[in-house]
Amino acid sequence: MAESSGVIDNVTALDPARRAGEASAAAAVAAGETERADTPPTDLTAAAFFDVDNTMMVGASIFHFARGLAARKFFTTSDLAGFAWQQLKFRVGGREDKNGIAGHRDTALSFVAGRPVSEVVALGEEIYDELMADRIWAGTRALAQMHLDAGQRVWLVTATPVELAMIIARRLGLTGALGTVAESVDGLYTGRLVGEILHGPAKGHAVRALAVTEGLDLRRCTAYSDSVNDVPMLSAVGTAVAVNPDSELRDVAKERSWQIRDFRTGRKAARIGVPSILGAGAVAGAVAAGLAYRKR
């Protein structure tokens, strides 16, 4: 992937959230579409956007990555304990915590600053196989496949570092990923983010920026998330779906008549209906943050 310093030059006049969104979209475009063995997309103006943590994957992807890095002596067990506490709150409460996300940024995964991008990518491949592959929600994966089968492109949108997000997307056979972009120079992480973590409003900016570049009609697009923090992204598209929603997002979804899918409990999930999710027109046409700098 092209180094992100050039991206910074193009967005320096923007606010941090928009800078993050623009940089993430630029990184996704630069990376190109993930190669797929089956038929390429045919419905080029519609797409789907999926949050990762507790939407596509059980728990927080950045925590699983941190576990893998800890096993490789990137940081101490006490650092990982802090991650574990945030993960426990996330699993029990089912929602993101802004302070926890900032903590992820400013602590353990900041240890990758100064390391080669290629090294982190290689480790991400290993850690995905070890700790993430068996944590994908089958129901959400089916939703993503539904869009792919309809000829649409599918992107992940996550606060996780973009390199890790792209690994997850590729392993799932998706088009690509929008994630937190860390600056790199000469193949090494500098310890600075481009803008901020791809979280909250930044996700909305990223989706809009990608839509402009890729020629998407956002009214024909669909977004999926578990968190009320992602209302900006969910509001940017024509169809919003709350997946494993936290209590606040569930309230928003009910108020706005958004669809709800919950794969967390033993109760039978609502049957996935292609027309209801994709719309008749679509059927017919068919790491973050952890790469942030550590305060010295």
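Buried here means under 20% relative accessible area. The model is predicted.

**Stop 1: helix H3**

Select residues 61-71, which form helix H3. How many of its 11 residues are buried? Nine are, so the helix is mostly covered. Color Ser-61, Ile-62, Phe-63, His-64, Phe-65, Ala-66, Gly-68, Leu-69 and Ala-70 to see the buried residues of H3. Then look past the end of the helix. Lys-73 follows H3 and has a positive phi, near 65 degrees.

**Stop 2: H3 against H6**

Now show side chains at the contact. From H3, pick Ser-61, His-64, Phe-65, Arg-67, Gly-68 and Leu-69. From H6, pick Val-120, Leu-123, Gly-124, Ile-127, Leu-131 and Met-132. What kinds of residue make up this contact of H3 with H6? Seven are nonpolar, four are polar and one is charged.

**Stop 3: helix H7**

Move on to residues 138-149, helix H7. Check its length with the distance tool. Next, color the buried residues of H7: Gly-139, Thr-140, Leu-143, Ala-144, Met-146, His-147 and Leu-148. After H7 comes Gly-151, with a positive phi near 85 degrees.

**Stop 4**

Most residues other than glycine have a negative phi.

Start with Asn-54, in the loop between strand E1 (47-50) and H3. Its phi is about 65 degrees, positive although Asn-54 is not a glycine. Is Asn-54 buried or exposed? Asn-54 is buried, with a relative accessible area of 6%.

Now jump to Asp-186. This residue sits in the loop between strand E4 (182-185) and strand E5 (188-193). Phi of Asp-186 is near 55 degrees, again a positive value in a residue other than glycine. Asp-186 counts as exposed, at 70% relative accessibility.

**Stop 5**

Select Pro-16, which lies in helix H2. Pro-16 is partly exposed, with a relative accessible area of 42%. Which residues does Pro-16 contact, leaving aside neighbours within four places in sequence? Show Gly-195 and Glu-196: Pro-16 is in contact with both.

Then step to Gly-32, in the loop between helix H2 (16-31) and E1. Gly-32 counts as partly exposed, at 35% relative accessibility. Gly-32 and Thr-175 are 143 residues apart in sequence, yet 8.5 Å apart in space, C-alpha to C-alpha.

**Last stop: confidence**

Color the whole chain by pLDDT. The protein averages 79, and 70% of the residues score at least 70. Select residues 1-12, where pLDDT stays under 50. The model has 25 contacts beyond four places in sequence for this stretch. Next, select residues 267-296. Here too the pLDDT is below 50, and the stretch has 90 contacts in the model beyond near neighbours in sequence. Where pLDDT is low, the predicted coordinates should not be read in detail.

Notes: Residues numbered from 1 in each chain as written. Predicted model: local features only at pLDDT ≥ 70, side-chain atom pairs only at ≥ 80, totals over all residues. Heavy atoms only, no water. Axes fitted to C-alpha atoms, helices over the stretch in contact; angles between N-to-C directions. Helix = DSSP H or I, 4+ residues; strand = E, 2+ residues; numbered from the N terminus. Contact = heavy atoms within 4.5 Å. Nonpolar A, V, L, I, M, F, W, Y, C, P; charged D, E, K, R; others polar. pLDDT = per-residue confidence, 0-100. Expected span 1.5 Å × (residues − 1). Buried < 20%, exposed > 50% of the residue type's maximum accessible area, 1.4 Å probe, protein only.
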